[in-house]
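User: I would like to learn how to read a chain interface and the charged pairs in a model. Can you take me through this one?

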Amino acid sequence: MAFTLYSLIQAAILCVNAVAVLHEERFLSKIGWGVDQSVGGFGDEPGVKVQLMNLVRSVRTVMRVPLIAVNSVCIVLLLLFG
Amino acid sequence: MRQRNSSMEGPDGSQLFEDTSGAGPRTQSGYRNQQTEPQQAGFAGQSLLSDPMSNLAMAYGSSLASQGKEMVDKNLDRFIPISKLKYYFAVDTVYVGKKLGLLVFPYMHNNWEVSYQQDTPVAPRFDVNAPDLYIPAMSFITYVLVAGVALGTQNRFSPELLGVQASSALVWLIMEVLAVLLSLYLVTVNTDLTTIDLLAFSGYKYVGMIVGLVAGLLFGRPAYYLSLLWCCAAIFVFTIRTLRLKLLSEAAAEGKLVRGTRNQLRMYLTMSIAAAQPIFMYWLTYHLIR
């Protein structure tokens with residue numbers, strides 16, 4: 001129960017890593033969550049699934065490069081300090 | 001020379017805080033007197049103020065300092081919206097008293113709408129329905145202190161535990177705000193709720209937690225459970241009534257049954273946000289009462 005801010009940062013890094021490894025062609029299209037399947041109607045009702053797919057796609061696009069840096073820093077720190 | 005404006009202006013020009021400093025126009029006339037004096041003192045003898053070089057240095061230094069202050073303010077404002085934060089702390093005692101009463105007994109209050117003034121929400125001191133950050137901040141700190149007292153009565157206290165309690169509660173608060181933000185994004189609610197508003201609403205549950213903890217410390221476990229039950233119900237009703245106006249569409253907020261999956265989803269969202277408050281209240285306090 002004793003959470004610290006450090007464990008929150010760890011959990012956030014792990015979650016973002018998990019979203020970043022979802023491959024577009026091999027996985028997301030196979031389960032119907034691909035980019036080409038998100039063009040729904042043009043009303044004002046995107047729906048929860050479309051929003052979720054857009055969120056996954058944008059997280060993958062935005063966080064790909066910063067995640068490389070953050071993960072390397074994490075690896076070095078964990079190797080040095082345990 | 002810039003005259004320091006000691007009263008803070010709200011977004012629409014009305015004063016957020018009253019000007020309680022009595023040193024407004026007096027300092028300016030004092031400075032002018034000082035400037036005429038060195039010309040007479042220069043004839044009399046050497047004093048620091050009579051030296052024109054140090055006068056120049058003082059003026060240059062003060063202008064540099066004010067430039068630096070402007071730059072720091074402007075850059076800090078980009079990261080932390082300080083001007084918006086000032087709005088949330090514009091409270092007075094009457095507002096705090098009424099709001100605390102509302103948090104513990106929201107059943108008699110009828111009008112939950114936030115009043116606006118020319119498109120900007122009115123400062124909290126003028127409207128009891130407006131969210132503020134003073135009560136959540138103060139009740140968070142009080143919760144940490146009461147938790148320390150509770151641990152002390154069970155001989156489990158050590159100073160590091162205060163920091164552990166504080167960071168633990170803060171982490172849960174951040175996670176709750178992030179979860180609410182994520183669910184608001186997924187359901188595509190067009191609302192004017194800002195992140196700070198959500199922080200304020202999530203912080204209101206600390207008041208109920210403090211009431212429960214103090215009752216438990218004074219009167220034992222049954223009192224803790226009773227008062228926590230009362231405060232949980234109160235926070236549930238308070239959250240539903242406040243969020244209903246902001247999240248649901250106009251018709252549904254007035255209580256009419258509006259069909260459609262979107263309104264149903266929004267209703268579920270409001271209900272789950274309100275139901276999460278009692279869960280957190282119990283989760284964060286039960287280990288302190290043995």
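This is a predicted model: local features need pLDDT of at least 70, side-chain atom pairs count only at pLDDT 80 or more; totals for chains, interfaces and linings use all residues.

User: How do I read the size of the interface?

Analyst: Interface size is often given as the accessible area lost when the parts come together. Here chain B and chain A bury about 1400 Å² between them, with 74% of it on carbon and sulfur atoms. In chain B, the most area is lost by B:V171, B:Y185 and B:L186, together 36% of what that side buries. By contact, 17 residues of chain B meet 15 residues of chain A.

User: How many salt bridges does the rule find across the interface of chain B and chain A, and how many over all chains?

Analyst: Side chains of opposite charge can pair when their charged atoms come close. Across the interface, the count is zero. Over all chains, it is two. One joins A:E24 and A:R60 at 3.4 Å, N to O. A:E24 lies in α2 and A:R60 in α3 of chain A, so the pair ties together parts 36 residues apart in sequence.

User: What is the N to O distance between B:K205 and B:E176, and is B:K205 buried or exposed?

Analyst: Their closest N and O atoms are 2.7 Å apart, in a salt bridge. This pair links helix α8 to helix α6 of chain B, so it ties together parts 29 residues apart in sequence. B:K205 is buried, at 2% relative accessibility. B:E176 is buried too, at 5%.

Technical notes. Residues are numbered from 1 along each chain as its sequence is written. Chains are lettered from A and ligands numbered from 1 in the order in which they are written. Side-chain values use heavy atoms; hydrogens and water are left out. Contact means heavy atoms within 4.5 Å. Buried area is the accessible area (1.4 Å probe) that two parts lose on being put together, summed over both. A salt bridge is a side-chain nitrogen of Lys or Arg within 4 Å of a carboxyl oxygen of Asp or Glu. Helices (H or I, at least four residues) and strands (E, at least two) are DSSP runs, numbered from the N terminus. Buried means under 20% relative accessible area, exposed over 50%, partly exposed in between (1.4 Å probe, protein chains only).
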